[in-house]
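Hi everyone, thanks for coming.

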Amino acid sequence: MTQQSNSIDQIAAWAETLAARQVPPAAFALARRAFLDTLAVSLSGSQLDSARIVTELARDLGQGDGPSSVIGRGFKAEILAAALANGTAAHAELFDDNNEPMMSHPSASLVSALLPLGQSRGLGGADVLLAYVVGFEINVVLGRELNPRFYEAGWHVTRTLGVLGATAACCRLLGLSPRPFRAALGIAASMASGLRQNFGTMTMALHAGLTARDAVQAALLAEKGFLSDAEALDGRYGFFNLFAGGPPACLPGSLPLGQPFELLRSGIIFKPYPSGAPTHAAVHAALALHGRLGGRLHELTGIVCHVHPWNFMTLREGIPADTLRARVSLRYCVAAALRYGAVGSAQFTDSALADPLVQKFMDLVEIRQADDLPDNGLFPAAVEVRLANGETAQVRCDVPPGAPANPMSGADADRKYRSCASAVLEAHAIERTRAMILGIDRLADIGELCSALEGGTQS
């Protein structure tokens, strides 16, 4: 890619000109998997209170009559309301995918922005899929360049950085010309926000919804001629200096977009457990210990979680008071894994949290920093338990399941989709929508899929 005058120029020039033939088939295949996974968790997440409240407000405000499907809620809404609701649902259970260098959730906002926009314009699945690739690559490349300082500052990268790539994806889907494309990125830079302090609350899920909504709105505003500053990313008071304390290391120069494609370089982490990614290695270890201990769980007198230093920055400590906090609590997730031998939706209920043995285990958990765990960005952990007779057992997990180096199988991905979708859809609709998603680039009108995902009378 030839050097452009600034970062907005570089991003827009690459995104505008990327052709489908330039995208490796394996990257498109992973993008299809991302749609399957994201729409799975959007269906199940649509039934949680955070998504329900957002959709109820949309109807109260008169936004419940429009061209875009609200996933899992049985109606269509105005495009911005649909993007907000769908994005909130996609992140509601913390079951959506991750990317390691971006240090956030790339697909929840991308999918939730592109589907309502594509549906409102009658666009095909191939265009939507290519736009997803555009947004994913931009967000992950910027995440690789700006992290960990971006994340360490306390920003929720899913929201704060994610709005840039999602906006670029929407602009590409709309086929915007250079001037409005660049204007939209500048608009999006002023929409960036999102605090990690809100982790473990409904607002954490709202971050993904706001990102999807703002990306669509930035693109639509720019399409109508709304303008922004050309230096909104690079300027003295621009995005890079304010949010990350300075520009990407590759500047001045060229952002390495598509060199190689991040879908292949860093890939996607698909979650087997509906909890914060920093819990997953420890959960995997605790599940193994559950299987090993069997009927001796009541003999536990000590539980030590050895974790990478990054865990302390991300997770909430203390005893969680509700199920949302429990999803970002290492203490709870390990206790639940030991107690139940599973960490799924059933483990994030009030009754599961109140279980006496779970409460006992949480009191026993001690979290210690371990310096011998690999610095691989995957929150490696080891869980050690001590029994009343002095016997100890330990399991270590460096690469949790679902990571690119330990990928979720196609069969497991199908099981996740069917399980999550069953919260909304009947069996025949589950199989129909699954086939449509896996063949998304063959859909002449993405609205066919969106309508089928509404549930209710649409299922």
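Predicted model: local features only at pLDDT ≥ 70, side-chain atom pairs only at ≥ 80, totals over all residues.

Now, the aromatic rings. How many aromatic pairs does a search of the whole structure find? The count is 10. One of them joins F239 and F240 in an edge-to-face arrangement, with 5.9 Å from centre to centre and 80 degrees between the planes. Are these two buried or exposed? F239 has a relative accessible area of 2%, so F239 is buried. F240 comes out at 1%, and therefore F240 counts as buried too.

Another pair is Y332 with F348, and here the geometry is tilted: the centres are 5.8 Å apart and the planes make an angle of 55 degrees. I like this one, as it links distant parts of the chain. Y332 belongs to helix α17, residues 330–340, while F348 sits in the loop between α17 and α18, 16 residues away. Y332 is at 0% relative accessibility, so Y332 is buried, and F348, at 6%, is buried as well.

Back to F239 and F240 for a moment: ring pairs tie them into a cluster together with F150, W155 and F243.

Rings also meet charges here. R59 places its charged end over the ring of F75, 3.7 Å from the ring centre. R196 does likewise over Y151, with 4.1 Å to the centre of that ring.

On to the helices, and let's stay with α17. Nine of its 11 residues are buried, leaving the helix mostly covered. Among those buried residues are R331, Y332, C333 and the alanines A335, A336 and A337. After α17 comes G341, which has a positive phi, near 70 degrees.

My last stop is a helix pair. Helix α1, residues 7–17, and helix α10, residues 178–191, have axes that come within 9 Å and cross at roughly 125 degrees. Because of that angle, α1 is oblique to α10. Which residues make the contact? On the α1 side they are I8, D9, I11, A12, A13, A15 and E16, and on the α10 side P178, F181, R182, L185 and G186. As for handedness, α1 passes α10 in a right-handed crossing.

That's my tour, and I'm happy to take questions.

Technical notes. Residues numbered from 1 in each chain as written. Heavy atoms only, no water. Phe/Tyr/Trp six-rings, centres within 6.5 Å; stacked < 30°, edge-to-face > 60°. Buried < 20%, exposed > 50% of the residue type's maximum accessible area, 1.4 Å probe, protein only. Helix = DSSP H or I, 4+ residues; strand = E, 2+ residues; numbered from the N terminus. Lys NZ or Arg CZ within 6 Å of the ring centre and 35° of its normal. Axes fitted to C-alpha atoms, helices over the stretch in contact; angles between N-to-C directions. Parallel < 35°, antiparallel > 145°, perpendicular 65-115°, else oblique. Left-handed = near helix turned anticlockwise from the far one by under 90°. Contact = heavy atoms within 4.5 Å.
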